[in-house]
Structures are given as structure tokens and as C-alpha cells.
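Let us ask how the words used for a structure follow from computed values, setting each value against its definition.

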Amino acid sequence: MKKEHMSDESKTPAPGDVLPYLNEIAERLWTNRAAIMVGSGFSKNASTEYPDWNQLGDIFYERVYGTKPGPEDCKYMNVMRLAEEVESAIGRPALENLIRSSIPDECVEPSKLHTKLLELPWVDVFTTNYDTLLDRASAKISTRKYEIVTNKEDIPYATKPRIVKLHGSFPSQRPFVITEEDYRRYPDDYSPF
């Protein structure tokens with residue numbers, strides 16, 4: 001990257017305080033020393049039907065309390081705690097089914113942004129997303145072969161570059177990491193990740 005790096009969309013220079021970080025990322029990326037973390041917001045590039053973290057919390061809230069959360073409810077909402085309340089009320093299989101039914105995975109194709117992201121020379125791509133958008137986008141790339149890792153037992157055998165699904169994966173690589181207890185136990189249960 002050069003100091004005059006221009007964004008393709010805006011054609012305006014990147015702010016000067018960001019340039020050192022962009023240069024560092026670019027240097028590491030092109031010397032095969034960079035990994036990326038992809039969260040739920042990235043799936044919205046394929047479809048706005050994908051819930052982000054807060055929208056998933058709204059779904060849990062409605063399931064537990066039978067009504068949509070009001071503005072005053074969102075201020076204190078803890079998505080992991082709500083997921084735990086859903087699990088307590090209807091059980092773990094029903095919680096995971098609610099997650100599957102709330103995310104339109106098979107109905108949506110990966111976006112061009114998914115493909116473009118994976119064309120970059122990442123060492124690894126880590127994701128907390130349950131959907132398979134990155135998995136399916138990787139199949140469209142001829143310049144790189146990503147290996148999909150959905151459980152900790154596969155880590156020693158998977159070659160880089162990898163797409164590492166940290167919290168489970170559709171259709172059935174469970175448990176989906178979603179409750180406070182899941183996060184509390186994560187360092188013990190999934191220490192290789």
C-alpha cells in the first residue's frame with residue numbers, strides 16, 4: 001500500500017491515522033502472515049435476511065417472553081443470557097433448531113465480497129458464523145484451496161489455508177456456541193481453537 005491509497009468506492013484517501021494499520025495489514029497479508037476473523041455482520045453482504053448478533057438476540061427475546069423487545073429492553077439485553085433462557089425453557093435441541101431456522105443459509109448464495117475476501121492470501125480465516133457462506137465461496141476460488149475445519153479434532157490434520165468454524169457449523173456440527181455457559185466452558189471444551 002502506498003500513502004496515497006485510495007478506496008475503490010469513495011476515491012478518497014484513507015485517513016492518515018489509519019494508514020499505518022492498513023500498511024501493516026497489507027505487509028503481513030502479502031508475506032503470508034495474516035489471518036482474518038469474520039463475524040455475523042459479514043453474512044449480511046449476502047442477504048439482509050441474515051440476523052446480526054442483536055437481531056438474533058431479538059429472536060431469543062421473543063421466544064422467551066412472547067413479545068418483541070421494546071427500546072427499553074434492548075438496552076440491557078445480553079444475547080448469550082437470552083440463549084441460555086431459551087435453552088432452559090425449551091431445551092438445547094430446540095434452541096439449536098431456532099438458530100437454524102433463523103439463519104437462511106441454504107437459500108442464499110455467497111456474495112462477491114465473500115469470494116473476493118477468500119481470494120486474498122490469508123493464512124487462516126476464523127469465523128464464529130454457523131452459516132456455510134464462506135465454505136461455499138471457497139469452492140468458487142481456483143487460486144487457493146481452503147480446508148474447512150469444523151471441530152477441534154481436525155486441526156492437526158488440516159493444511160493451511162483453513163476456514164476455521166469456531167462456534168459450530170450448519171448443517172449439524174454442534175453444539176453451536178451461543179449461551180453464557182458455552183462461552184464460559186469454551187477455553188476448556190475447545191482449547192485447540
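Q: What makes V38 part of a strand, and which one?
A: V38 lies in strand β1, residues 36-38, where strands are DSSP runs of E with at least two residues, helices are runs of H or I with at least four, and both are numbered from the N terminus. This is a predicted model, in which local features need pLDDT of at least 70, side-chain atom pairs count only at pLDDT 80 or more, and totals for chains, interfaces and linings use all residues. Residues are numbered from 1 along each chain as its sequence is written, and side-chain values use heavy atoms, with hydrogens and water left out.

Q: Which residues does V38 touch?
A: Leaving out residues up to four places away in sequence, V38 touches L117, V125, F126, T127, T128, N129 and L134, where contact means heavy atoms within 4.5 Å.

Q: What makes α4 oblique to α5?
A: The axes of helix α4 (residues 79-90) and helix α5 (residues 92-102) come within 7 Å and cross at roughly 130°. Angles under 35 degrees count as roughly parallel, over 145 as roughly antiparallel, 65 to 115 as roughly perpendicular and the rest as oblique, which is why α4 is oblique to α5.

Note on methods. Axes fitted to C-alpha atoms, helices over the stretch in contact; angles between N-to-C directions.
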